[in-house]
2 protein chains.
Amino acid sequence: MGAEPAPLREVPRRVARPRADQARQVADVLRQQINAGTYAKALPTEQDLTTEFAVSRNTVRDALALLKEEGLIDRAPKVGTQVAQRKYDHGLDALLGLKETLRGHGEVHNEVRAALLVTPPPAVARRLHLNPGEQAVYIERLRYLGDLPLSLDLTYLVPDIGEELLTRDLVSNDLFALIEQISGGPLGSADLALEAITADPHSAATLQMPEGAALLLLERLTKLDDGRPVDLEYIRMRGDRITMRGSLIRQPDPNSWELT
Amino acid sequence: MGAEPAPLREVPRRVARPRADQARQVADVLRQQINAGTYAKALPTEQDLTTEFAVSRNTVRDALALLKEEGLIDRAPKVGTQVAQRKYDHGLDALLGLKETLRGHGEVHNEVRAALLVTPPPAVARRLHLNPGEQAVYIERLRYLGDLPLSLDLTYLVPDIGEELLTRDLVSNDLFALIEQISGGPLGSADLALEAITADPHSAATLQMPEGAALLLLERLTKLDDGRPVDLEYIRMRGDRITMRGSLIRQPDPNSWELT
């Protein structure tokens, strides 16, 4: 490196870092490895991790405690450290339903908790371009992969598509596939908003997760090819079960990126 | 609607729904309204919300309790219900740094907690295409908007770009802007993974948020135009401060979507 200009003088370098900072650093790399399926079942021993990360054994233990707290690993004397559960990847990139996304991991089915005509609140009516007082269809589903609840989906649909949807098999189909069947054309676009929230007691019980655990909340307004909004969803995904993934590729216009 | 086929018989319709389910439904719509800036400061009265959502006053109260628990609103006798804080939108769509994203909302600055050469763990070395034992640059920053901590960013960089970065002003610049300056060309692509986790005690204290509050964890591997990975980041964003937003537009190939 060349001569040190001014900003660098402010920066601490090669100083001893607090153990909690080091443990977080180790935990982040291990979390990514677990999610990527690097460890079939058992993680390396504490001793091996100490060497791999060049940190103290206590730092390794703290890192593993963080991942245990997140529900990613189990630890027991003699048995060592085991992967508790793999997370499933959900593509940010395509308007795929959960069933289509998890093809190959198991059977997705839906417990239909509500499916009815409602007069939506004005805020929902506006987003679906409904007239004041016009009815919408409300569908609420708890979505399972096998026996595992993955997400709780609250959905408002425009009546012309929604009423027909009510006559279809909502237990074993993705709504996107049904909407495309009914509308006779492909979906056109979607606006997404992703947040992290903690699970309130009732949502936690419904999703069979600990109260206060983290949820990915996806709000998605989906439009037909002609731009008409037809489907407004509020989707709570279990934070310990789902990772949203995507790739961005820069387009010729430097401010435009394609998600692939 | 036509004749009822078999699946519909399984579906409960127009049944009385548990109050907790109704409260969640109301809270989701109100949360979206708060995030969209619909309410300058005060929310409508309980009585008005009761009318707007066609639910009981107790359901409205339960919905507001959920949003208060998330830190989105404050409630007090006489004062009523007030928006506690707006969330900031962070684009999923472009490889913008936080400073560039929040232009117009205030000044972003970074507390540089570490900036040093490290021998990265093998898992990190592999993702950055480094040889075993080759050094990387590690930078850790707590990022503020004004006095408000928004995110804690752990970053590993390839040495040829990272060492030059260490000589730059890391307090007031986005890393993306600096990487483009140093590499002399635009970034090419990025792989994203988004998860929701709860804040461990030390991360919570660092980000000045309650222990156990929800974090959006973004893992992002960024590559130059030629495909070479240069920057691996683990970003903890406060769930109560950041919403990730994007729009998907279907491309001519029905399985390809552009994020805009």
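## Briefing: helix packing and loops in a predicted model

Take the contacts in chain A between residues at least 6 apart in sequence: 60% of them join residues at least 24 apart. This is a predicted model, and it scores ipTM 0.87 and pTM 0.88. Chain A holds eight helices and eleven strands, and 42% of its 260 residues are buried.

- The mean pLDDT of chain A is 88, and 89% of the residues reach at least 70.
- Among the elements of chain A, helix α6 (residues 159-165) comes out with the highest mean pLDDT, at 97. Strand β11 (residues 257-259) of chain A has the lowest, at 56.
- Take care with residues 1-13 of chain A, where pLDDT stays under 50. For that stretch, the model has 17 contacts beyond four places in sequence.

- Start with helix α1 (residues 19-35) and helix α3 (residues 57-69) of chain A, whose axes come within 8 Å and cross at roughly 55°. That angle makes α1(A) oblique to α3(A), and the crossing of the two is right-handed.
- On the α1(A) side, the residues that meet α3(A) are R19(A), A20(A), Q22(A), A23(A), V26(A), A27(A), L30(A) and R31(A). Their counterparts in α3(A) are N58(A), T59(A), V60(A), D62(A), A63(A), L66(A) and L67(A).
- Helix α2 (residues 46-53) of chain A also packs with α3(A), this time at an angle of about 105° and with the axes 9 Å apart. Angles of 65 to 115 degrees count as roughly perpendicular, so that is how α2(A) and α3(A) sit to each other.
- From α2(A), the residues E46(A), L49(A), T50(A) and F53(A) meet R57(A), V60(A) and R61(A) of α3(A).

**Two loop residues of chain A with positive phi**

- Most residues other than glycine have a negative phi. H129(A) is not glycine, yet its phi is positive, near 55°.
- You'll find H129(A) in the loop between α5 (122-127) and β5 (136-145) of chain A. H129(A) has 13 other C-beta atoms within 10 Å, so it is partly exposed.
- Q208(A) is another non-glycine residue with a positive phi, near 55°. Its place is the loop between α8 (201-206) and β8 (214-224) of chain A.
- Q208(A) has 12 other C-beta atoms within 10 Å and is therefore exposed; the cut-off for exposed is 12 or fewer.

**Helix α7 of chain B**

- Over in chain B, the buried residues of helix α7 (residues 175-183) are L175(B), F176(B) and I179(B). They lie on the same side of α7(B), because the arc they cover around the axis is only 100°.
- An α-helix has 3.6 residues a turn, so residues three or four places apart point the same way.
- After α7(B) comes G184(B), with a positive phi near 80°.

Technical notes
Residues are numbered from 1 along each chain as its sequence is written. Chains are lettered from A and ligands numbered from 1 in the order in which they are written. This is a predicted model: local features need pLDDT of at least 70, side-chain atom pairs count only at pLDDT 80 or more; totals for chains, interfaces and linings use all residues. A residue is buried if 20 or more other C-beta atoms lie within 10 Å of its own, exposed if 12 or fewer, and partly exposed in between; C-beta atoms are placed from the backbone. Helices (H or I, at least four residues) and strands (E, at least two) are DSSP runs, numbered from the N terminus. The arc is that of the directions from the helix axis to the C-beta atoms. pLDDT is the predictor's confidence in each residue, from 0 to 100. Two residues are in contact if their C-beta atoms, placed from the backbone, lie within 7 Å. Axes are lines fitted to C-alpha atoms, for helices over the stretch in contact, and angles run from 0 to 180 degrees between N-to-C directions. Angles under 35 degrees count as roughly parallel, over 145 as roughly antiparallel, 65 to 115 as roughly perpendicular and the rest as oblique. A crossing is left-handed if the near helix is turned anticlockwise from the far one by less than a right angle, and right-handed if clockwise.
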